Amino acid sequence: MTKNEVLARQSIITQILLKNGNDELSKNLKVKLMGMRISLGKIRREFDEDLKEVAEQLQTKEFIALRENQSRTEEEEETFNKMVLKINDEYNSFITEKGKEEIDFDSKKFTEDEYAEILQVNADNDVEINGSKISAPDFLEVVYNLFVL
């Protein structure tokens, strides 16, 4: 499984409600779900730390000096903008390559009965993932495709 696939799963699983009004997942399903969240969250945090480190390493002393200089000359502004484009390009290339990395991850699945519990608790759970609003039925379809099939 690629790191991108794992990160996509992490962004979905964190949106599953454990309790909604009077409806609540069983204790065993909560334990399983939380274990899955923790495992996926570790990979997310590691990825985020790598991105932070890369962003810091791509910034040269010259770039930092120009960034901090609020009264740049026209020539300095042009140099700064070129540096920003170069850093962004290298950063995006890193993200792309890192996302393609195959990682050894034991992806747990929900049974049909567990999914039925999730469905009952999350039937009206409209979510927002990466800035996109997803209706409850569409969200639950994604959950099924990623975590049941």
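Mentor: Start at isoleucine 95. Beyond its neighbours within four places in sequence, isoleucine 95 is in contact with Phe47 and Leu51. Keep in mind that this is a predicted model.

Trainee: Where is the place of isoleucine 95?
Mentor: Helix α4, which covers residues 74-100.

Trainee: Is isoleucine 95 exposed or partly exposed?
Mentor: Partly exposed, because its relative accessibility is 26% and buried would need under 20%.

Trainee: How far apart are isoleucine 95 and leucine 17 in space?
Mentor: 30 Å, C-alpha to C-alpha. In sequence they are 78 residues apart.

Trainee: New topic. Which residues touch the most other members in the largest nonpolar core?
Mentor: Ile13, Ile16, Phe110, Ile118, Phe139, Val143 and Phe147. That core has 26 residues. Helices α1, α2, α5 and α6 and strand β3 each supply at least two of its residues.

Trainee: Which one gives the most to this core?
Mentor: α2, with seven residues.

Trainee: And what is phenylalanine 110 in contact with?
Mentor: Leaving aside neighbours within four places in sequence, its contacts include Ile13, Ile16, Leu33, Met36, Ile118 and Phe147. Lys32 and Tyr115 are among them too. There is also a second, separate core of five residues, including Phe63 and Phe80.

Trainee: Back to α1. How many of its residues are buried?
Mentor: Eight of 11, so α1 is largely enclosed by the rest of the structure. Among the buried ones are Lys3, Arg9 and Gln10, along with Leu7 and Ile13.

Trainee: What covers the buried residues of α1?
Mentor: The cover includes α2, α4, β3 and α6.

Technical notes: Residues numbered from 1 in each chain as written. Predicted model: local features only at pLDDT ≥ 70, side-chain atom pairs only at ≥ 80, totals over all residues. Heavy atoms only, no water. Core = buried A, V, L, I, M, F, W, Y, C linked by side-chain atoms within 4.5 Å. Buried < 20%, exposed > 50% of the residue type's maximum accessible area, 1.4 Å probe, protein only. Helix = DSSP H or I, 4+ residues; strand = E, 2+ residues; numbered from the N terminus. Contact = heavy atoms within 4.5 Å.
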